[in-house]
Amino acid sequence: FRFKRAAGSTWTDADPYWTRGEPMTYKFEPGGRLLRTDAPLPLRDDRGYKTWRIVERPAGFPPRRRGGYVRVSVGGSEVPTYVVRRSPMGDWGFVMVSCWGVFSSHKMLPPGAAGGAMDDRRLALRGRAHRLEVDLYNAGARVLP
């Protein structure tokens, strides 16, 4: 996982991807728990702080097959929807992209590597649905439509 620059410097300045070139790693557990696996034990999110779930059709998003959208909850509040799609690396992997972050099934390459295939501008999302979710999240919504 890494934050996109659109998340803001508060997040990217603390993100090991942007500071050391090493993305965070997470395990999506079957029960919906999201466990950070790259940090030493005291820094892991082992308290159920992050969760995930499949969303059938978030408000304002086009229809997709089941599993096409994933919501992550941080501290009990859902963050903008992740869109699941094939990796642009051509390796049969997948990426989950939101307006603020990127999860990847393969090793995250440093910025600019592989012709910039994983750079923010290449992983941009179109449409207004994310803008609505960002506004709701910033207004304190705990569950997004």
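Me: What makes the 16 residues of the largest nonpolar core a core?
Reply: A nonpolar core needs buried nonpolar residues joined through side-chain atoms within 4.5 Å. In this predicted model, the largest such set has 16 residues. Phe1, Tyr26, Val72, Tyr82, Met96 and Phe103 have the most contacts inside it. Strand 5 (69-74) and strand 7 (82-86) each supply at least two residues of this core.

Me: What else is there by way of a core, and which residues does it include?
Reply: There is a second, separate core of seven residues. Tyr17, Val97, Met118 and Leu123 are among them.

Me: Which residues are in contact with Phe103, leaving aside neighbours within four places in sequence?
Reply: Contact asks for heavy atoms within 4.5 Å. Phe1, Tyr26, Phe28, Leu34, Val72, Tyr82, Phe94, Val95 and Met96 are the ones in contact with Phe103.

Me: Why is strand 1 said to pair with strand 9?
Reply: Pairing takes at least two bridges. Strand 1 (residues 2-3) and strand 9 (residues 101-104) are joined by two, so they pair. They run antiparallel. Phe3 stands opposite Gly101.

Me: How do you know that strand 8 pairs with strand 9?
Reply: Three bridges link strand 8 (residues 94-97) to strand 9, in the antiparallel sense. The cut-off is at least two, so the pair counts. Val95 faces Ser104 across it. A hairpin of three residues joins the two strands.

Me: What makes strand 7 a partner of both strand 5 and strand 8?
Reply: Strand 7 has two bridges to strand 5 and four to strand 8. Both pairings are antiparallel. Val83 stands opposite Tyr69 in strand 5, and its bridge partner in strand 8 is Val97.

Conventions
Residues are numbered from 1 along each chain as its sequence is written. This is a predicted model: local features need pLDDT of at least 70, side-chain atom pairs count only at pLDDT 80 or more; totals for chains, interfaces and linings use all residues. Side-chain values use heavy atoms; hydrogens and water are left out. Buried means under 20% relative accessible area, exposed over 50%, partly exposed in between (1.4 Å probe, protein chains only).
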